[in-house]
Amino acid sequence: MVGDEETARALLESIRWPAGPVCAHCGGTEKIYRLRRRPGSGIRTGLWKCGHCRKQFTVTGNTIFEGTHLALHKWLGAIRLVCTLQDGATARQLADSLGITTKTARGILKKIHDAVTHALPVARPQDSILRQMAYKRKGSLYPISLNAAVDVLLKVQPARKHPDALERRVAEMEAARRRGA
Ligand SMILES: [Zn+2]
């Protein structure tokens, strides 16, 4: 596993922001400061505040890691495993290795697989056919490094949460426009 939650978060930050934190809202890079977590303050771990737009953000914002209930170091442990096993990790292997339930492990494998499949067409056009096949193999990111895998995964936008609601809203707006015309 990759140390603890704090170490894992620091690794994600160094991969997502190699030149220092970037505001997720306005793209600001100066006047960004870390909000220190104090007991009872309600401040979440890993929270940053932007001095330009005054908004808060974290390294996991708008990524597949956003809002996860699984500790980040367990996430990294899972990603490391799927990078190491040529035939892909099974949910059982993941569960045993990380001390999580098989159900959680299955969910994580699906998230990783969906994200990588989604990222494939655009993320790494320079990759060889062999490597692309490795990406596509279910539950396997072999043979890339943990950092490279995290880099790919951080660039994948999470799936829209309520696509049906959004589509309905667009349809309503279309109908209203037609009525008004
Ligand atoms: Zn900002």
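**View 1. Trp48 and Phe57 in the predicted model.** In this predicted model, Trp48 has Phe57, a residue of strand β3, as its bridge partner. The two strands concerned are β2, which covers residues 48–50, and β3, and they pair in the antiparallel sense over two bridges.

**View 2. The three-stranded sheet.** The sheet is open and is formed by three strands in the order β1-β2-β3, with antiparallel pairing. Strands β1 (32–34) and β3 (56–57) stand at the edges, and because each has a single partner strand, one side of each is left without a neighbour in the sheet.

**View 3. Helix α2 and its buried residues.** Helix α2 runs over residues 72–84, and its 13 residues reach 18 Å from the first C-alpha to the last, which is close to the 18 Å expected at 1.5 Å a residue. The helix is mostly covered, since ten of its 13 residues are buried. Among these buried residues are Leu72, Trp75, Leu76, Ala78, Ile79, Leu81 and Val82, and the list also includes Lys74.

**View 4. The largest nonpolar core.** This core has 29 residues, and those with the most contacts inside it are Ala78, Ile79, Val82, Leu94, Ile112, Ala149 and Leu153. The elements that give two or more residues to the core are α1 (5–16), α2, α3 (91–98), α4 and α6 (146–154). Helix α2 gives the most to this core, with eight residues. A second, separate core has five residues, including Cys23, Trp48, Cys50 and Phe57; two of these, Trp48 and Phe57, are the bridge partners shown in View 1.

**View 5. Ile112 and its surroundings.** Ile112 is found in helix α4, which covers residues 102–123. Is Ile112 buried or exposed? Ile112 counts as buried because 26 C-beta neighbours lie inside 10 Å, and the cut-off for a buried residue is 20 or more. When its neighbours within four places in sequence are left aside, Ile112 is in contact with Ile79, Val82 and Leu153. Ile112 and Ala149 are 37 residues apart in sequence, while in space the distance from C-alpha to C-alpha is 9.7 Å. Both Ile112 and Ala149 are among the residues with the most contacts inside the largest nonpolar core.

Conventions: Residues numbered from 1 in each chain as written. Predicted model: local features only at pLDDT ≥ 70, side-chain atom pairs only at ≥ 80, totals over all residues. Helix = DSSP H or I, 4+ residues; strand = E, 2+ residues; numbered from the N terminus. Buried ≥ 20, exposed ≤ 12 C-beta atoms within 10 Å, placed from the backbone. Contact = placed C-beta atoms within 7 Å. Pairing = 2+ DSSP bridges. Expected span 1.5 Å × (residues − 1). Core = buried A, V, L, I, M, F, W, Y, C linked by C-beta atoms within 7 Å.
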